[in-house]
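The exercises below are meant to be worked with the sequence and the model side by side. Try each task before reading its solution.

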Amino acid sequence: MTLLTKRILFTFIVIIFLFITVSFVKKQKNERFSFPSKIDRHRSLNTQDLSYISAWMTFDYLNKVFNLPFSYLKDSLFIQDQKYPFITIKQYVKRNNLDVDIFVEKIKDSIRKFEKASPPPSIHE
Amino acid sequence: MSSFISFVLSYLLLYKYVALFIVSYLAALLIPLPSNTSLIAASAFASQGYLSIYIVIIVALIANISADITGFFLARKYGKRVLLKIGFKKILESKYYSRVESFIINHSEISIFVTRFFGGVGPLVNILSGLSKEISFKKFLLYGISGELVYVLSLSLSGYFLGNAWEGSTLNIQGTLSVIGIFVILFFIVRKFLEKR
């Protein structure tokens, strides 16, 4: 097999690989699909994404992805744990003998209140 | 989501790249950890601005490649001696083992490259390649790195573009990876066919 044939075959397999990956991602998430030119443009979450919150997440992560001030959740949920924000919801709930589902709902409510008070800028602005 | 995966994801959020490195490295050494899920999740966290996608890709690549090299060298240096000591003599001297070994020697390129996509098979091929003196380290490294590059890029880019929709799509991504693996196998079959002509 010549070097040229090898290169053609290799290019062929790379194209197939890229085609499968791109078409899979497009199919899975059509409305949010973005090409690598936007690779540094991060998508913050908002009140529509509240169902994404799970007990394994840390307060630090929630602050970052929902664009919350560092001590917003701490103050609104009266958290006094010294490990905040580097503690998961589950760990915090366990330490304080709270109910996970109720506490997660409280977090969602707090985020809703925050967004109502300071709505994120519109996409069209 | 299982509580074990939740536990691993918590550590990924707490210890970020260090946790990603440890999970990827240990999983590539045959320790049952959810490395695919961790990589997809870390990439999704990167799409939300919590981690950097470039660092996620680099860390996962370094972890996987270094685990492959570790498996290969441990098997080459101590493999047969240790396996004989711990009671694997019958297996090492069996016809089945020599058949598997000769398959890997004859199809080393395809077996090293493709098995990167199939979870627990990759580490086994690393060990078998290390045990067999006929596969050079240079060849192992070349096909190992190529395979890991395709594997890490496909998982991390899928996770990145899926963003917070990653949770429901992990199984589909793994399915897609298997399809890619099958395409690679087809590529090598076509190549062999053309060589014979």
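A residue counts as buried under 20% relative accessible area, as exposed over 50% and as partly exposed in between, with a 1.4 Å probe and protein chains only. This is a predicted model, in which local features need pLDDT of at least 70 and side-chain atom pairs count only at pLDDT 80 or more, while totals for chains, interfaces and linings use all residues. Residues are numbered from 1 along each chain as its sequence is written, chains are lettered from A and ligands numbered from 1 in the order in which they are written, and side-chain values use heavy atoms, with hydrogens and water left out.

**Exercise 1. Describe the secondary structure and burial of chain B.**

Step 1: take helices (H or I, at least four residues) and strands (E, at least two) as DSSP runs, numbered from the N terminus. On this basis chain B has 9 helices and 0 strands, and its pattern along the sequence reads α-α-α-α-α-α-α-α-α.

Step 2: turn to burial, where 51% of the 197 residues in chain B are buried.

Step 3: count contacts, meaning heavy atoms within 4.5 Å. Of the contacts in chain B with a separation of 6 or more, 76% come from residues 24 or more positions apart.

**Exercise 2. Determine which aromatic pairs B:Phe137 forms with B:Phe72 and B:Phe73, and how accessible these residues are.**

Step 1: rings of Phe, Tyr and Trp (its six-membered ring) pair if their centres lie within 6.5 Å, and planes under 30 degrees apart count as stacked, over 60 as edge-to-face and the rest as tilted. The search of the whole structure finds 17 aromatic pairs over all chains.

Step 2: B:Phe72 and B:Phe137 form one tilted pair, at 5.6 Å centre to centre and with 45 degrees between the planes. This pair links distant parts of the chain, since B:Phe72 lies in helix H3 (residues 53-85) of chain B and B:Phe137 in helix H8 (residues 137-162) of chain B, 65 residues apart. B:Phe72 is buried, because its relative accessible area is 0%, whereas B:Phe137, at 28%, is partly exposed.

Step 3: B:Phe73 and B:Phe137 also form a tilted pair, at 4.8 Å centre to centre and again with 45 degrees between the planes. Here too distant parts of the chain are linked, with B:Phe73 in helix H3 of chain B and B:Phe137 in helix H8 of chain B, 64 residues apart. The relative accessible area of B:Phe73 is 41%, so B:Phe73 is partly exposed.

**Exercise 3. Describe how H3(B) and H7(B) pack.**

Step 1: axes are lines fitted to C-alpha atoms, for helices over the stretch in contact, and angles run from 0 to 180 degrees between N-to-C directions. The axes of H3(B) and H7(B) are 7 Å apart, at an angle of about 60 degrees.

Step 2: angles under 35 degrees count as roughly parallel, over 145 as roughly antiparallel, 65 to 115 as roughly perpendicular and the rest as oblique. H3(B) and H7(B) are therefore oblique to each other.

Step 3: list the contact residues, which on H3(B) include B:Asp68 and B:Phe72, and on H7(B) include B:Asn126 and B:Leu131.
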